[in-house]
Amino acid sequence: MIYLDHAATTRVHPEVVREMLPYFENWYGNPSSGYEFGRESKAMVEQARREIADSLHGKPEEIYFTSGGTEADNWVIFGMAESMREKGRHVITSQIEHHALLRSCQALEERGYEVTYLPVDSRGVVDMEALARSIRPDTILISIMYANNEVGTIQPVREIGMLARERKVYFHSDGVQAYMHEPVDVQRDCIDLFSASGHKFQGPKGVGFLYAREGVPLPSWFHGGGQESRMRAGTENVPGIVGMAKAVSLGRRNMEEERRKLGQMQSFVMKEILRRIPEVRINGSISDRLKGNVHVSFKDVEGQSLLILMDMEEICLSSGSACSTGEEGISHVLQGIGLPEEYARGSVRITMGPENTMEEMAHFLRRLESMVRELRGQG
Ligand SMILES: *Cc1c(COP(=O)(O)O)cnc(C)c1O
């Protein structure tokens with residue numbers, strides 16, 4: 001099998017699995033228990049919190065563990081809408097956010113809030129002038145993703161953060177695709193709230209976190225026990241949290257090397273696709289882009305058919321975004337960047353990871369070339 005869908009999820013790193021296992025089998029104590037056996041679990045959760053806080057230049061008290069990226073995004077949108085409602089009911093986001101963010105915003109609209117969905121240019125970069133113009137006295141939150149999960153474009157996060165701070169509006173960034181792949185720094189980028197998810201960087205599924213800067217009026221989310229500083233009740237997912245923290249410590253150590261390797265495979269794949277296949281477009285930004293992402297559209301090819309042929313040869317790819325597979329129509333991201341329909345239908349997302357090799361890329365490219373020819377009836 002050749003796995004080229006790392007934006008959908010990743011393989012848990014073997015060292016992460018090894019780190020997690022004792023927390024199922026031996027040290028299963030509840031972190032809230034008063035005896036030593038529980039305190040061991042508690043200590044590990046707090047150590048994980050410190051590792052993660054340090055990785056993005058925040059403080060441990062500013063990290064809240066969640067069940068993943070979707071939960072963190074929902075917490076931010078509904079939480080901030082509730083706590084800021086005296087100031088106003090206007091939220092700014094972009095047209096190309098993940099559904100976790102977009103659908104939360106749509107639900108807010110149904111509750112009487114107003115949401116501005118900023119347009120993006122053909123590379124998928126948010127229009128900064130439109131952003132500056134859209135901030136109003138009743139704007140309570142700007143939420144713009146760090147990097148896009150379909151086309152891989154990285155937003156000018158620091159510029160957005162500085163503008164938000166100058167205009168005194170809280171800034172959230174969905175960093176699920178960027179965290180542990182790009183060097184994130186919430187101080188440098190003036191980020192007040194940041195979501196991340198373990199399974200997008202070789203950690204386990206079902207665990208993630210929300211960073212919330214001290215002083216941000218984030219209300220508590222789940223009600224019950226006193227976990228997570230009374231902000232998110234429920235017994236901690238100790239093995240998941242320990243595993244995610246291990247993936248963070250490995251990720252920090254390997255990030256530069258991994259970025260270099262993925263960057264090389266990425267430019268090789270892009271160059272070869274353009275060289276071998278006519279009437280093709282590479283989508284997203286070329287310069288400001290996640291290293292492992294190649295998003296490509298073939299004119300007059302059905303992307304879904306290409307995926308089926310690839311699947312028959314055990315090559316895993318996505319048609320843009322895993323979340324929209326099976327849904328009708330062109331994804332909101334491809335609509336947002338204004339991709340013409342005859343190209344948009346033939347889109348595939350190739351996302352590489354640290355375990356992929358140049359040999360796999362060469363094999364994949366040979367198969368891609370002949371499948372596109374076949375689907376175009378040029379067999
Ligand atoms: C995967 C993803 C999410 C959802 O994270 P889960 O942990 O799977 O809930 C949110 N936002 C972006 C940008 C993603 O890529």
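Figure 1. The C-alpha centres of domain 1 and domain 2 lie 28 Å apart. The domain assignment, which is automatic or from a database, gives domain 1 as residues 2-8 + 255-375 and domain 2 as residues 14-250. This is a predicted model, in which local features need pLDDT of at least 70 and side-chain atom pairs count only at pLDDT 80 or more, while totals for chains, interfaces and linings use all residues. Residues are numbered from 1 along each chain as its sequence is written, and side-chain values use heavy atoms, with hydrogens and water left out. Contact (heavy atoms within 4.5 Å) links 27 residues of domain 1 with 29 residues of domain 2. The two domains bury about 2,400 Å² between them, 52% of it on carbon and sulfur atoms. Met-255, Leu-290 and His-332 supply 27% of the area that domain 1 buries against domain 2, more than any other three residues. Buried area here is the accessible area (1.4 Å probe) that two parts lose on being put together, summed over both.

**Figure 2. Helix α1 and its two sides.** Helix α1 (residues 14-25) has 12 residues and reaches 17 Å from its first C-alpha to its last, close to the 16 Å expected at 1.5 Å a residue. The expected span is 1.5 Å times one less than the number of residues. Helices (H or I, at least four residues) and strands (E, at least two) are DSSP runs, numbered from the N terminus. Val-16, Met-20, Pro-22 and Tyr-23 of α1 are buried. They cover an arc of only 150° around the axis, which puts them on the same side of α1; the arc is that of the directions from the helix axis to the C-beta atoms. On the other side of α1, Arg-18, Phe-24 and Glu-25 are exposed. For residues, buried means under 20% relative accessible area and exposed over 50%, with partly exposed in between (1.4 Å probe, protein chains only). The cover over the buried residues of α1 includes α2 and α8 (238-276).

**Figure 3. Ser-55 in helix α2.** Ser-55 is found in helix α2 (residues 36-55). Ser-55 counts as buried because its relative accessibility is 11%. A polar atom of the Ser-55 side chain lies 2.6 Å from the backbone oxygen of Ile-52. This is a polar contact: a pair of N or O atoms within 3.5 Å, where, within protein, one must be able to donate a hydrogen and the other to accept it, and residues adjacent in sequence count only if both atoms are side-chain atoms. Leaving aside neighbours within four places in sequence, Ser-55 is in contact with Tyr-179, Met-180, Val-184, Val-248 and Arg-252.

**Figure 4. Glu-62 in a loop.** Glu-62 lies in the loop between α2 and β2 (63-66). With a relative accessible area of 4%, Glu-62 is buried. The side chain of Glu-62 reaches the backbone nitrogen of Lys-59 at 2.8 Å, and a polar atom of that side chain lies 2.9 Å from the backbone nitrogen of Glu-214. Not counting residues up to four places away in sequence, Glu-62 touches Leu-210, Tyr-211, Ala-212, Arg-213 and Glu-214.

Figure 5. Cys-190 has its place in the loop between β6 (170-174) and β7 (193-197). Phi of Cys-190 is near 50°, a positive value in a residue other than glycine. Cys-190 is buried, with a relative accessible area of 9%. Glu-314 is in the loop between α9 (303-312) and β11 (315-316). Phi of Glu-314 is near 60°, a positive value in a residue other than glycine.
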